[in-house]
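Subject: Structure handover

Hello,

Please find the structure below. My notes on it follow.

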Amino acid sequence: MIRSFYILFLVFGIPWTSSTTIKSQNGFTPCEFYHDCQCNKDNKSSLYIVDCSGLHMTQIRRFPNIIVKLTLRMNSLNVVKDGTFLENRLLRTLDLSFNSINTLSPSSFIGLEQLTELDLQQNSLSRKSLTYNVFAIFQSLVYLNLKGNFYQEFQPNISSLVRLKTLKMDFAYIETTILGKQLSNLKRLMRLDLSGFTGNCSIIHLTPQTFQYLPQIHHLNLSMCKIKSVQKGTFDKMKNIISLDLSGNTCLKFQVLENVTIDLQFSAIKILKLNKIHKVFDMNTYLQTSHIRHLNNTAIEEFHLDSNRLQQIESGALKYFPKTLKYVSTRDNMFSIGPYLYDLMSMSIELFDISDMFKAHKEDRHPETCNMNFVCTWHREAQYNENQNIQMKELLFESGQHYHDDNAVTIIPIPYRLKTLRFRSSDSKYKIAAVTLSNNKLERIDVSNNILSQLIGPLKKY
């Protein structure tokens, strides 16, 4: 916590405030039983919430049995000794993250049979530390975070955690992989986070066998996992899936979308995130009907397609989005005028974020090595001729008036149900002359951080 505020101070010039001050502002005061830690009363249980983060502790002291939540993150702990928490049977949440813990034994957590949340992320745990017997003591655990511990192929045996609902862990493999059969015991597991943004993930290939023991998953995060291919059938059994995040896998490209969306049809999918599945300096891209048409058989509500160098969309493709779609984010892309603009009128979205257009980029620090056969995603239909270009200008500008005429009336197609349009930070350098929007329910338009020199108007509906 201290480190985070210090970084904010250096980067953004925000006045640095100590973690103790922040805790005090949130109702925390020095604990009577250990003045270095900060305490607050839990309203529900009348027990203490104790925060001992960032104190350079090298060992865990004994705490009285009046604590419901204990935070020991960002210290210098390397071992949890046997019986450390023997007297803390009322403890429900334990945070040991961002330490150097490398030693655990089956007796390390005696006394915590009723613990519900355990955070062990960013430590130095090994195969020897995370055995079946270490986890067997937890009879009530519903949340477990093991991120940032494993850099090699290893799946801890957590089959005893039958009440677990949320699991966050590393998944570092080289070849086609399968999440182990021992996970089939976790019938209540709903949220699985394997993201490389917060841990270590390298899956490479996804197959119908990868998640065969976890068909019940509701939320699956596979962002930044170095995935290069997704076979048809990978998500076919996950009929209860609500959100899927494949962002940051820059070798996937749009070609993979058909295999993903065909599996998701008839599922419970609500949120699909496909941000940055192209490299920063790939060629501009083209979204085809085949990529998304199967979403017509879903009740999807959110669709994210940021940072994909997207320039054109196949005419008619947008009509395949179902009427349930409410939010679309296509930030940091490179859209140009095209026939697909007609299709906006058919969309049911209420919030559309198209900010950060034409944003400058630097090359990724550690770019993935991809199959070069799949780099170019342009499409011959996107190469429309000048006559088509003129027709599109006539769509957006009243016929009979010159394209660069300041008195021209711009007609912009807007989805009828759209309430919020965001077009921030897109380096737009225009005068806003007379603008006519297609019939709509717009309530908010955000064009902040652009270079709009004059507002002449009027702005009106067609």
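The second largest pocket has a volume of about 420 Å³. A pocket is found on a 1 Å grid over the protein atoms alone, as an open set of points with protein on both sides within 12 Å along at least five of seven lines; a cavity is a set of points where a 1.4 Å probe fits but cannot get out, and lining residues have an atom within 4 Å of a point. Grid points are joined across faces, edges and corners, and a volume is the space filled by probe spheres set on the points. This pocket is lined by 18 residues, and Met224, Gly248, Thr250, His366 and Glu368 are the closest to its centre. By class, the lining has four nonpolar, eight polar and six charged residues. Here Ala, Val, Leu, Ile, Met, Phe, Trp, Tyr, Cys and Pro count as nonpolar, Asp, Glu, Lys and Arg as charged, and the others, Gly among them, as polar.

The model is predicted: local features need pLDDT of at least 70, side-chain atom pairs count only at pLDDT 80 or more, and totals for chains, interfaces and linings use all residues. Residues are numbered from 1 along each chain as its sequence is written, and side-chain values use heavy atoms, with hydrogens and water left out.

The mean pLDDT (the predictor's confidence in each residue, from 0 to 100) is 86 for the chain, and 85% of the residues reach 70 or more. Residues 1–22 have pLDDT below 50; this stretch makes 21 contacts (heavy atoms within 4.5 Å) beyond near neighbours in sequence. Residues 373–382 are also below 50, with 24 such contacts.

There is one cavity of 30 Å³ or more. The largest cavity holds about 40 Å³ of space, and its lining consists of Pro208, Phe211, Gln212, Gly233, Thr234, Lys237 and Met238.

Where is lysine 232 in the chain? Lysine 232 sits in the loop between strand E14 (229–230) and strand E15 (243–245); strands (E, at least two residues) are DSSP runs, numbered from the N terminus. Is lysine 232 buried or exposed? Its relative accessible area is 54%, so lysine 232 is exposed (over 50%; buried is under 20%, partly exposed in between, with a 1.4 Å probe and protein chains only). Leaving out residues up to four places away in sequence, lysine 232 touches Pro208, Asn259, Ile262 and Asp263. Proline 208 is 24 residues from lysine 232 in sequence, and their C-alpha atoms are 7.2 Å apart.

Regards

Notes
Helix = DSSP H or I, 4+ residues; strand = E, 2+ residues; numbered from the N terminus.
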